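Please read them with the structure open.

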Amino acid sequence: MVLKPRLEDIKIIGYYLGKIILGLGLTMLIPIIIGLAFGEINPALDFLIGIEIALIFGLILIKLCFTEKDLNWMQGMIVVSLSWLAAMLLGAIPLYLSGHWKSYLDACFDAMSGFATTGLVLVQDLDHLSYTHNLWRHLIMFIGGQGIVIVALSFFVRGASGALKMYVGEARDEKILPNVIHTSRFIWLVSIVYLILGTLALGAVGVLNGMKPINAFFHGACVFMAAFDTGGFAPQSQNILYYHSLAFEIITIIIMILGAINFKMHYHLWTGNRREIFKNIETKTLFITVVVTFCITAFGLTQIGSYPKAIVLFRKGFYQLISGHTGTGFMTVYARQFINEWNELALVGVICAMGFGGAVCSTTGAIKMLRIGIIFKALKQDLKRIIMPERAIVVQKFHHIKEIFVEDRLARSALLITLAYLVLYGLGAIIGMLFGYPFINSLFESTSAAANVGLSCGITDASMPAALKLTYIFQMWAGRLEFMSVFTLVGFFVAAIKGKR
Amino acid sequence: MNNDLVSRFTLHTPRFIFERAACSLQRVAQHLFLFTFFLLPLICYAQSISSTELINNAKQHDGKTVTYEGEVIGDVMVRGNYAWINVNDSQNAIGIWTDKNLAKNILYAGSYKSKGDWIEITGVFQRACLEHGGDLDIHAQAIRKVRQGREIIERLNIGKRNLVFVLLGALCLVWILKQLKRK
């Protein structure tokens, strides 16, 4: 029997949602400071409006729903899924006010794309966008990549046990340190250290490449945030092609791979346990899938002779592939070139890479390496069972920080999430085809949205149907949260309508 | 009078009409020849091609001399004796590889605070330039400034300013109500 949610449930959800909205609103102070520093008054006003609306909503929710009770699992999951929707709606306000988005829906699309670290864009005339708005586009990737709730956990929540429920709801089922708040702070520490190093490296390359120092370091910070958080936005409309630089591309590849690695792995690397990287199932699986998908893509590109030199194949073929595999979405080709100059085999390689994704507890989306590894191990275990004598006891293990046995429960969970992703990729592709786009184009764009990648073959455009924009927003949201929070929210609404008191 | 009659009669003979028509056709053919082989290439050469056309039909234009025009955006990135400039024709931006002396006249590059110079580039289009890691680019042979850019002076948006004050008032009200409730 389904029970109708009580008023108390709604109050607890509203209270924590209000707190997270307050935290989100306060992050708008950063672009305001940048706006004032660069003398961009109107963009700073856009963010003042945004922050005020966020604070008003946050305070009203806290006031109306004030409670001292802690969250349970269901409430924690709902808070997370609603927080992401609230972030999209509030984060889109300053974007829309800039006049660079044709509609509020378009601004919401880019805001969700940013928070979910996807990288698909509907912005108009990006090359004339202010520093203030450009910083915000990349900052929301940084916030979304670490996790919106992690921002609140790190700075606004003190020791609440409900923190764990929100942390898990945000698709982070692994704790690095025993305390979830310490884990959140460690994730921030890693990100900030890499932010400083990455910005310096990219900025220096920019200066050497002939950019003005102020632009070089601003671009460096923005591109770092988009690369480490596997987002894919860039400050210019040509994305990474703007820089025309091999050094820039190599540095972004390194940052993208760092972003696709489990934060737990970063912890072990930082504490001197470098052997973990060679033993871990995720790094092994990542290496194998990158090699296999690149072979498919390279074979496809060689078939049609698109890129005849090895360095060209690396900078065009491998770059798009690793960008897709890590879920980043940086591009050094134009969207239409995928369709016009790449054959279907090469596109299938990239689609598979996008669908696989990076490590769990990283900033990537998609199925993820741990699940692929577990499924492969489970398959191996079943094959051994068939081949070996009936009396033989077949045991399969894998190494992920520690030795873990492949149990049916683990395999089932990995398969269920994988299946959910495959359904999401397919669903978006079917909807794309309903709007008249060819199969391969639809599948490419749908996988890119649902796996939070951001590579585009040209479908994503301000002129695409509103229903398709909403489909991709849903895919980005559900894909980023790995379904559980979204399913819980749907269940909550069903219970509110059909449940009994 | 007789002569007149004769000439009028001769003028309307089928042979005369045929000869006249043939003469006219010859003249048209001469004009067509001139237009096709001399004027048409000149017109086509001067007419710039859009970035969308270049990207969508890259194989068709690969290795050919094209004329492309648009606004210089971002930075003029000098690399040794050459420079990269990115030129946006309001549809897409394309990278232009040019001798740095050709880029000397560029004063404004498009950004939030400036409208970039509008330039016309004549150069060789490369679908996947082997010299530049497969970039889709144009190697400039000539650059002509069509319009000079300018700085954009930002005026305070009064509507936005007023909205900030109204929302600030509402925020203060909510804050006070929250504090009162606590007390």
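1. Basis. This is a predicted model, in which local features need pLDDT of at least 70 and side-chain atom pairs count only at pLDDT 80 or more, while totals for chains, interfaces and linings use all residues. Residues are numbered from 1 along each chain as its sequence is written, and chains are lettered from A and ligands numbered from 1 in the order in which they are written.

2. Make-up of chain B. Chain B has 5 helices and 7 strands; helices (H or I, at least four residues) and strands (E, at least two) are DSSP runs, numbered from the N terminus. Along the sequence the order is α-α-α-α-β-β-β-β-β-β-β-α. Of the 183 residues in chain B, 27% are buried, where buried means 20 or more other C-beta atoms within 10 Å of the residue's own, exposed means 12 or fewer, partly exposed is in between, and C-beta atoms are placed from the backbone. Taking contacts in chain B between residues at least 6 apart in sequence, 57% join residues at least 24 apart; a contact is a pair of residues whose C-beta atoms, placed from the backbone, lie within 7 Å.

3. Barrel. In chain B, 5 strands form a closed barrel in the order S1-S2-S3-S6-S5, with mixed pairing. From one strand to the next the twist averages 55°. Strands count as paired if DSSP finds at least two bridges between them. S1(B) pairs with S2(B) in the antiparallel sense over 6 bridges, and Val72(B) has Val87(B) in S2(B) as its bridge partner. S1(B) is also joined to S5(B) (residues 118-129), antiparallel, by 7 bridges; here Thr67(B) stands opposite Thr122(B).

4. Hairpin. S5(B) and S6(B) are antiparallel and share 10 bridges. Cys129(B) is bridged to Asp135(B) in S6(B). These two strands, S5(B) and S6(B), form a hairpin with 5 residues between them, and Gly133(B) in the turn has a positive phi of about 60°.

5. Contact between the chains. Chain B contributes 42 residues and chain A 44 residues. On the chain B side, the elements giving two or more residues are H3 (51-56), S1 (65-79), S2 (82-88), S3 (93-99), S6 (135-147) and H5 (158-182). H5(B) supplies the largest share of that side, 13 residues. By class, the chain B side has 22 nonpolar, 12 polar and 8 charged residues; Ala, Val, Leu, Ile, Met, Phe, Trp, Tyr, Cys and Pro count as nonpolar, Asp, Glu, Lys and Arg as charged, and the others, Gly among them, as polar.

6. Nonpolar core. The largest core has 188 residues, and those with the most contacts inside it are Met112(A) and Phe115(A). H4(A) (residues 73-97) gives the most to this core, 14 residues. A nonpolar core is a set of buried Ala, Val, Leu, Ile, Met, Phe, Trp, Tyr and Cys residues joined through C-beta atoms within 7 Å. Leaving out residues up to four places away in sequence, Met112(A) touches Met88(A), Ile473(A), Met476(A) and Trp477(A).

7. Helices H5(A) and H6(A). H5(A) (residues 104-115) and H6(A) (residues 131-146) pack at an angle of about 45°, their axes 7 Å apart. Axes are lines fitted to C-alpha atoms, for helices over the stretch in contact, and angles run from 0 to 180 degrees between N-to-C directions. H5(A) and H6(A) are therefore oblique to each other: angles under 35 degrees count as roughly parallel, over 145 as roughly antiparallel, 65 to 115 as roughly perpendicular and the rest as oblique. Ala111(A), Gly114(A) and Phe115(A) of H5(A) meet residues of H6(A) including Ile140(A) and Gly144(A).

8. Helices H19(A) and H21(A). The axes of H19(A) (residues 408-434) and H21(A) (residues 466-481) come within 10 Å and cross at roughly 175°, so these helices are roughly antiparallel. The contact divides into 5 nonpolar, 5 polar and no charged residues.

9. Backbone points to check. Thr117(A), which is not a glycine, has a positive phi of about 55°. Thr117(A) lies in the loop between H5 and H6 of chain A and is buried, with 33 other C-beta atoms within 10 Å. His244(A) also has a positive phi, near 45°. His244(A) sits in the loop between H10 (213-228) and H11 (246-260) of chain A and counts as buried, with 24 C-beta neighbours inside 10 Å.

Note on methods
Contact = placed C-beta atoms within 7 Å.
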